[in-house]
Amino acid sequence: MFTAQLLGSIGLFTLVHILVWFTTNTQFMDGDIKDKSLLIAIVLSVPTTLCAYYASKLTYDMLESSAWAVRFIAFGTSWLIFPILTWYLLNESMFTTKTMICTFLAVCIICVQLFWK
């Protein structure tokens, strides 16, 4: 099941959510980057969209035409990326009970989509 296509699609979804994090959250960071947050959002919009497009395409093809599976894998991937970047770059703890439960559930969602036949 772990093919190059699977790794590519999860890798692209990971990149999508990293880019989305920066487009939406640089406005909350300290320093000069905060003043450039709208420019960053504009510059990253096309690469983010292209990565999302190809991540969805790869996942859809790999999972034999299941838009729901694509959505849930994208969602689960976002819940793995957001807490880490928010903790590391905004100093907001991901180690709260609520966040840890949501992160665990995100992993469960990805596993259900990948391994439940």
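Contacts at a separation of 6 or more come to 69% from residues 24 or more positions apart in the protein chain. The model is a predicted one.

Figure 1. Read from the N terminus, the order is α-α-α-α-α. The C-alpha trace spans about 50 × 35 × 20 Å along its principal axes. The chain has 117 residues, and 32% of them count as buried.

**Figure 2. The surface and the charges of the protein chain.** The chain carries 6 positive and 6 negative charges. How far apart are the mean positions of the positive and negative charges? They lie 7 Å apart.

**Figure 3. Thr103 sits in helix H5.** Helix H5 covers residues 97–115, and Thr103 is part of this helix. Is Thr103 buried or exposed? Its relative accessible area is 13%. The cut-off for buried is under 20%, so Thr103 counts as buried. Which residues does Thr103 touch, leaving out those up to four places away in sequence? They are Trp79, Leu80 and Pro83.

**Figure 4. The largest pocket and its lining.** The space in this pocket is about 150 Å³. Eleven residues line the pocket. Closest to its centre are Leu63, Ala69, Gln113, Trp116 and Lys117. Which element gives the largest share of the lining? That element is H5, with three residues. Why use a probe to look for such space? Rolling a probe the size of a water molecule over the atoms shows where empty space is left.

**Figure 5. Asn91 lies in the loop between helix H4 and H5.** Helix H4 covers residues 67–90, and the loop that holds Asn91 lies between H4 and H5. What is the phi of Asn91? It is near 55°, a positive value in a residue other than glycine. Most residues other than glycine have a negative phi. Is Asn91 buried or exposed? The relative accessibility of Asn91 is 68%. Exposed means over 50%, so Asn91 counts as exposed.

Key
Residues are numbered from 1 along each chain as its sequence is written. This is a predicted model: local features need pLDDT of at least 70, side-chain atom pairs count only at pLDDT 80 or more; totals for chains, interfaces and linings use all residues. Side-chain values use heavy atoms; hydrogens and water are left out. Helices (H or I, at least four residues) and strands (E, at least two) are DSSP runs, numbered from the N terminus. Buried means under 20% relative accessible area, exposed over 50%, partly exposed in between (1.4 Å probe, protein chains only). Contact means heavy atoms within 4.5 Å. Accessible areas come from the Shrake-Rupley method with a 1.4 Å probe; for residues, only the protein chains shown count as cover. Lys and Arg count as positive and Asp and Glu as negative; His and the chain ends are not counted. The place of a charge is taken as NZ of Lys, CZ of Arg, CG of Asp or CD of Glu. On a 1 Å grid over the protein atoms alone, a cavity is a set of points where a 1.4 Å probe fits but cannot get out, and a pocket is an open set with protein on both sides within 12 Å along at least five of seven lines; lining residues have an atom within 4 Å of a point. Grid points are joined across faces, edges and corners, and a volume is the space filled by probe spheres set on the points.
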